[in-house]
Amino acid sequence: MNLNRITDIDWTSWTAVDPATLVFVIQSGKILLIRKKRGLGAGKINGPGGRLEPGETPEACAVRELREELGVGAGELVLMGDHRFQFVDGYSTYVHVYRTHEIEGTPLETDEATPRWCDLAEIPFDEMWEDDRYWLPLVIQGKRFSGYWIFDGDHMVDYRLDILD
């Protein structure tokens, strides 16, 4: 399959290998990010999150991942958007993106992640996935979205980002 353009994929019949979540905690002009220690994106800065377990809802996954990666409980989660990531090597993931303004506890470093609070004006996009600079500002602004992305390893090949509000 040729994967150079978003239009090379029939997104109506596309299914992901892995469903997953991302959670962004935003408080007092700061955003809680992590440096991933293992798995897809190891070494990059991102939001906490990960793959759904069998039978798990996306929201339950987001709560579990916050607990596992940072040792904190989740406040009210708001679904902000979704992503369809297709990698040219055949891997794919469908990601539900959540935002919250509340957590229970203090973020701790774990085997999976190192927590990092960043000022909203100083998000380290150069240390993140290439696509984050396009949609993470929408999460911060409270705008809903749907993203379609093609990646070759760490390199973004093409994308479409629909703002739903």
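## Before we start

Because the model is predicted, local features need pLDDT of at least 70 and side-chain atom pairs count only at pLDDT 80 or more, while totals for chains, interfaces and linings use all residues. Residues are numbered from 1 along each chain as its sequence is written, and side-chain values use heavy atoms, leaving out hydrogens and water.

## The nonpolar cores

In soluble globular proteins, nonpolar side chains tend to be buried together. Here a nonpolar core is a set of buried Ala, Val, Leu, Ile, Met, Phe, Trp, Tyr and Cys residues joined through side-chain atoms within 4.5 Å. Buried means under 20% relative accessible area, exposed over 50%, and partly exposed in between (1.4 Å probe, protein chains only).

The largest core has 25 residues, and Phe24, Ile31, Leu33, Trp135, Leu136 and Val139 touch the most other members. Elements supplying at least two residues each include β1 (18–27), β2 (30–36) and α2 (132–141). Such helices (H or I, at least four residues) and strands (E, at least two) are DSSP runs, numbered from the N terminus. A second, separate core of 13 residues includes Val25, Val72, Ile103 and Ala113.

## Helix α2

Which residues of α2 are buried? They are Asp132, Trp135, Leu136, Leu138 and Val139. These residues lie on the same side of α2, because they cover an arc of only 150° around the axis (the arc is that of the directions from the helix axis to the C-beta atoms).

Leaving out residues up to four places away in sequence, Trp135 touches Leu22, Phe24, His83, Val97, Phe145, Trp149 and Leu161; contact means heavy atoms within 4.5 Å. Just after α2, Gly142 takes a positive phi of about 80°.

## The pocket lining

The lining of the largest pocket divides into 11 nonpolar, 7 polar and 9 charged residues. For this count, Ala, Val, Leu, Ile, Met, Phe, Trp, Tyr, Cys and Pro are nonpolar, Asp, Glu, Lys and Arg are charged, and the others, Gly among them, are polar.

Thr100 lies in strand β7 and is buried, with a relative accessible area of 1%. Asp162, in strand β11 (residues 155–163), is partly exposed at 25%.
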